[in-house]
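Please look over the sequence and the model, then read the points below by topic.

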Amino acid sequence: MDAPAEPLSVLTDEGVATFSPRELRGMRDEFQRFLLEYQFGLREVETKRRRRRSTTTPRCSRA
């Protein structure tokens, strides 16, 4: 499904902002890269957290 090759106009507080299909694709690609990096970072944090849990000794709780 191809998107129409027409500019997109959006009404903002500052007025109308118009984006060409090329600009929209660029913004989409940039956002996808950001999300991939963010997802990678979250996985790194989770991996480090799991490693830390597996290397620490269990604590005894006192009643």
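Two residues are in contact when heavy atoms of theirs lie within 4.5 Å. By that rule, Leu24 touches Leu8 and Phe19, with residues up to four places away in sequence not counted. The model is a predicted one.

**Overall make-up**
- The secondary structure of the protein chain consists of 1 helix and 2 strands.
- Read from the N terminus, the elements follow the order β-β-α.
- The protein chain has 63 residues, of which 2% count as buried.

- Strand E1 covers residues 8-12 and strand E2 covers residues 15-19; the two run antiparallel and are joined by 5 bridges.
- With 2 residues between them, E1 and E2 form a hairpin.
- Leu8 has Phe19, in E2, as its bridge partner.

**Leu24 and its contacts**
- Leu24 is part of helix H1.
- Both members of the bridge pair Leu8 and Phe19 are touched by Leu24.
- Leu24 and Pro7 are 17 residues apart along the chain, and their C-alpha atoms are separated by 8.8 Å.

**Aromatic rings in the helix**
- Helix H1 spans residues 21-55 and includes Tyr38.
- Phe31 and Phe34 also lie in H1, 3 residues apart, which is about one turn of the helix.
- How many aromatic pairs does a search of the whole structure find? The search finds 2.
- One of them is the pair of Phe31 and Phe34, with 6.3 Å from centre to centre and 20 degrees between the planes. This pair counts as stacked, because its planes are under 30 degrees apart.
- Phe31, Phe34 and Tyr38 are linked into a cluster by ring pairs.

**A nonpolar surface patch**
- Phe31, Phe34, Leu35, Tyr38 and Leu42 make up a nonpolar patch on the surface, and together they have about 540 Å² of accessible area.
- The three residues of the ring cluster, Phe31, Phe34 and Tyr38, are among the members of this patch.
- Phe31 is exposed, because its relative accessible area is 51% and the cut-off for exposed is over 50%.
- Phe34 has 46% relative accessibility, so Phe34 counts as partly exposed.

Note on methods:
Residues are numbered from 1 along each chain as its sequence is written. This is a predicted model: local features need pLDDT of at least 70, side-chain atom pairs count only at pLDDT 80 or more; totals for chains, interfaces and linings use all residues. Side-chain values use heavy atoms; hydrogens and water are left out. Patches are made of residues with over 30% relative accessible area and no salt bridge: like charges are joined within 9 Å, nonpolar side chains (Val, Leu, Ile, Met, Phe, Trp, Tyr) within 5 Å. Accessible areas come from the Shrake-Rupley method with a 1.4 Å probe; for residues, only the protein chains shown count as cover. A salt bridge is a side-chain nitrogen of Lys or Arg within 4 Å of a carboxyl oxygen of Asp or Glu. Helices (H or I, at least four residues) and strands (E, at least two) are DSSP runs, numbered from the N terminus. Rings of Phe, Tyr and Trp (its six-membered ring) pair if their centres lie within 6.5 Å; planes under 30 degrees apart count as stacked, over 60 as edge-to-face and the rest as tilted. Buried means under 20% relative accessible area, exposed over 50%, partly exposed in between (1.4 Å probe, protein chains only). Two strands pair if DSSP finds at least two bridges between them.
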